[in-house]
Amino acid sequence: RHVLVVSGMLDNEKVAFFVNHWPSRRGGEAISLPKRNAAAAILKKEMDSVLALDPSTKLIAMGDFNDDPNSPSLKNILKAAYYPKDVSSETPYLNLMYPLYKKGVATNAYQDSPNLFDQLIASGNLVNKGEITNEFSIFKTEVYAPAYLITKTGNYKGYPFRSWSGDKFTGGYSDHFPVFTILQKLP
């Protein structure tokens, strides 16, 4: 699957968004890991190339990565830091989902195993390290899971209210909860 890159201006700041849907874990996590590692390498190359052209460009990668924040693809290949203090020139990206992952928050589940596969990853220049700035920075990141998106009964009780169960349309939305981040720009 290709990475969709959308770039432009947001209130006079250069931005680029990288939309991903990485290979599934079909066949098992270990067997399928090389495919997600390859996807991570492609994403890293794309993000690095945008920053090389203009280091002030604000980057956000998003999508279903089919890996948790601590998986090798995100930790070792993309090299996304877990905490703002760890963002550096060697580790220029921050996984915005890691704090939620540490709290046990999930966006989907498979065979009663919760996962946080839906990721938001930001470039270091979007990380507010306490300084006052008139540029965009990350304000907060969350998983959106209101009651109407949660299955109430049956085999998938407590899971996201999926659109399909086998070949039957359920009237639901997705087997993943959506994620979002809010950017702030101080005057």
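Helices (H or I, at least four residues) and strands (E, at least two) are DSSP runs, numbered from the N terminus. Welcome to a predicted model, where local features need pLDDT of at least 70, side-chain atom pairs count only at pLDDT 80 or more, and totals for chains, interfaces and linings use all residues. Residues are numbered from 1 along each chain as its sequence is written, and side-chain values use heavy atoms, leaving out hydrogens and water.

**The second largest pocket**
- A pocket is an open set of points on a 1 Å grid over the protein atoms alone, where a 1.4 Å probe fits, with protein on both sides within 12 Å along at least five of seven lines; lining residues have an atom within 4 Å of a point.
- The second largest pocket has 16 lining residues, and Pro84, Leu94, Leu96, Pro99 and Ile138 lie nearest its centre.
- Strand E5 (93–95), helix H3 (98–102) and E9 each supply at least two residues of this lining, and E9 gives the most, with 4 residues.

**The largest pocket**
- Here 21 residues form the lining, with Arg25, Asn66, Asn108, Tyr110 and Phe117 nearest the centre.
- Strand E6 (108–110) and strand E7 (113–115) are the elements that give two or more residues to the lining of the largest pocket.
- E6 gives the most to this lining, with 3 residues.

**Glutamate 46**
- Look for glutamate 46 in helix H1 (residues 29–53).
- Its C-alpha atom is separated by 8.5 Å from that of phenylalanine 18, 28 residues apart along the chain.

**Threonine 151**
- Threonine 151 sits in the loop between strand E9 (136–143) and strand E10 (164–165).
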